Amino acid sequence: MSVTVNGKQVEILISEAEITARVNKLAELISIEYKNTKQLVVIGLLRGSFIFISDLVRRLNLPVEVDFITVSSYGNNTESTRQVRIIKDLQTPINSRDVLVVEDIIDTGHTLSQVLKILNTRQPQSLSVCALLNKPSRREIDVNVKWTGFDIPDEFVIGYGIDFAQHGRNLPHIGFIKNSK
C-alpha cells in the first residue's frame, strides 16, 4: 500500500501495529534496565522523535523527567549535510543523573555522535541511547545504541514523527519515499 505526501509516493515499510508492539517491548526493556534509578532523564532529539518519545515515555514503568534538544543536519534535503547545528539546548541539568537519549533514526551516526559528545561533557551518571530506526548500511561513525526498534534499508523514510520538508510527520506508520535517490 502507498500514500502520497507532498507529491511523493510513500510505500509503507513498518505498520502502525508493528510500531506499537516494538515500542511496548522497548519500554519493558528500558524499565528493567533502569529499575533502580531515582529518576530517568529522557532526552528526545527533536523534531523527528516527538511521537516516539511520547509513546515510549507513557509506557515506561519508571519515574521520568523529559527534556528535548533540537539539532539539524538535513534541512529540507533527503541527504545529511553532516554538519550538526544545535538549535535548542536542554533546560534540565544532567550531571550525575541517568540519561536516556531517544532518537528517531540513526543514519550515518554523525548527528548522534556529536550530541553524545556534548552530553558526556555534562557528566551524566549513565548515558544510553534508544533509537526507533537504524540504517546500519549507512553508518560512517560507530555509535553505541543500546536499544533499537527496527533496522531498515537505505531508504529515505517518513511518518510517525519523521518528515520530508515538514510533511508526513502525522502518518501513523513509517514509509519510504519511492524513487528518492
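Which residues does Asp 104 touch, not counting residues up to four places away in sequence? Select Asp 104 and look around the side chain. Gly 48, Ser 49, Leu 132, Leu 133 and Ile 162 are the residues in contact, where contact means heavy atoms within 4.5 Å.

Before moving on, the ground rules. This is a predicted model: local features need pLDDT of at least 70, side-chain atom pairs count only at pLDDT 80 or more, and totals for chains, interfaces and linings use all residues. Residues are numbered from 1 along each chain as its sequence is written, and side-chain values use heavy atoms, with hydrogens and water left out.

**Stop 1: Asp 104**

Stay on Asp 104. Its place is strand S6, residues 98–106. Strands (E, at least two residues) are DSSP runs, numbered from the N terminus. Asp 104 is buried; buried means under 20% relative accessible area, exposed over 50%, and partly exposed in between (1.4 Å probe, protein chains only). Yet Asp 104 has no salt bridge. That term means a side-chain nitrogen of Lys or Arg within 4 Å of a carboxyl oxygen of Asp or Glu. The nearest side chain of opposite charge is Arg 169, 6.0 Å away. For charge, Lys and Arg count as positive and Asp and Glu as negative; His and the chain ends are not counted.

**Stop 2: Arg 169**

Select Arg 169 next. Where does the salt bridge of Arg 169 lead? To Asp 163, with the closest N and O atoms 3.1 Å apart. Arg 169 has 14% relative accessibility, so it counts as buried. Asp 163 counts as buried too, at 18%.

**Stop 3: Lys 88 and Asp 67**

Now pick Lys 88. A salt bridge joins Lys 88 to Asp 67, the closest N and O atoms being 3.6 Å apart. Lys 88 sits in strand S5 (residues 85–88) and Asp 67 in strand S4 (residues 64–72), so the pair ties together parts 21 residues apart in sequence. Buried or partly exposed? Lys 88 is partly exposed, at 30% relative accessible area. Asp 67 is buried, at 5%.

**Stop 4: Glu 11 and Lys 178**

Go to Glu 11. Lys 178 is its salt-bridge partner, with 3.5 Å between the closest N and O atoms. Glu 11 lies in strand S2 (residues 8–14) and Lys 178 in the segment after strand S10 (174–177), so this pair ties together parts 167 residues apart in sequence. Glu 11 is partly exposed at 22% relative accessibility, and Lys 178 is partly exposed at 37%.

**Last stop: a network**

Select Asp 107, Arg 138 and Asp 154 together. Salt bridges link these three in a network. The structure holds 10 salt bridges.

Terms used
Helices (H or I, at least four residues) and strands (E, at least two) are DSSP runs, numbered from the N terminus.
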